[in-house]
Amino acid sequence: MEVRVAGLDKDGLPKAANWTLIAEAGDGPSIPAVAATIVCKRLAAGSIATGARSCLAEFSLEEIDEATSHLSVKTFGETDIAPCLFQQAMGDDFAAMPGPVRNLHTVFDRHVWSGTARVSRGQSTFGNLLCRLIGFPPEAGSVPVAVTIERHADKEFWSRNFGGKTFRSVLSLRDDQGKGHVCERFGPLKFDIDLTHDGTRLCFPVARGRFLGCPLPKWILPESEAFEFEENGRFNFDVRISLPGIGMLVRYQGWLEIGTS
């Protein structure tokens, strides 16, 4: 059995802890009764307060060790203080971001956020074709949004669902490991992003792009005006993507709150 807890420590920094129990020699079926054994012992001794409440912290790990001392059981724990992707990219600036923005980017395993957005499209036929190829959502005055972020090793997999229309990307640190430098990949397209924080907003300007590994010239490099910020205590986003000579491809703006997976 493994129990994993992840969140922010007392200093507001990402932290994860694992506790593992291994039962051998056929003693596995005895494990579910360990908690009852400890509680019954405490009830007999009169050391548990009366009244209904959460069962959290009713006994200690030391009591578990004592209750399983006659079983073939081993337990061990470990703490992982490896920072999440955006904390690695931004360094000390990560802690300075508004709480909702910092919370969305504190990803240990899987986050699901939901909210509402407004989507605008440009007027170019070619631009709208590009939007369809990438998977950007169609124009909508108000549409429900669900954003799922999953962390696997040193990468984050983002899935954005706008009213049933989903487009995905993969974020990772840039090879140069410089501060504020991340990559975002949309299928065969990969973009270098120089993250900046201006005190109230997290900005995502595109610095360079590649298609199937080949550098994109400046004249076809998308321009990104993408911002994340706090408003009314919620995470807000405003993303406008344009192409030189064509103008705006798509703009989506709205808010998100933490949901359930």
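Modeller: Two strands count as paired if DSSP finds at least two bridges between them. Strands (E, at least two residues) and helices (H or I, at least four) are DSSP runs, numbered from the N terminus. The model is predicted, with local features needing pLDDT of at least 70, side-chain atom pairs pLDDT 80 or more, and totals for chains, interfaces and linings using all residues. Residues are numbered from 1 along each chain as its sequence is written, and side-chain values use heavy atoms, without hydrogens or water.

Start with helix α6, which covers residues 125-134. Its N-terminal end is capped by Ser124, where a side-chain oxygen lies 3.3 Å from the backbone nitrogen of Phe126. Just after α6 comes Gly135, with a positive phi of about 105°.

Next is strand β5, residues 140-152, which pairs with strand β6, residues 155-162. The two are antiparallel and share eight bridges.

Asn161 has Thr166 in β7 as its bridge partner. Again a hairpin is formed with two residues between the strands, here β6 and β7. Gly163 sits in that turn, and its phi is positive, about 55°.

Notes:
A polar contact is a pair of N or O atoms within 3.5 Å; within protein, one must be able to donate a hydrogen and the other to accept it, and residues adjacent in sequence count only if both atoms are side-chain atoms.
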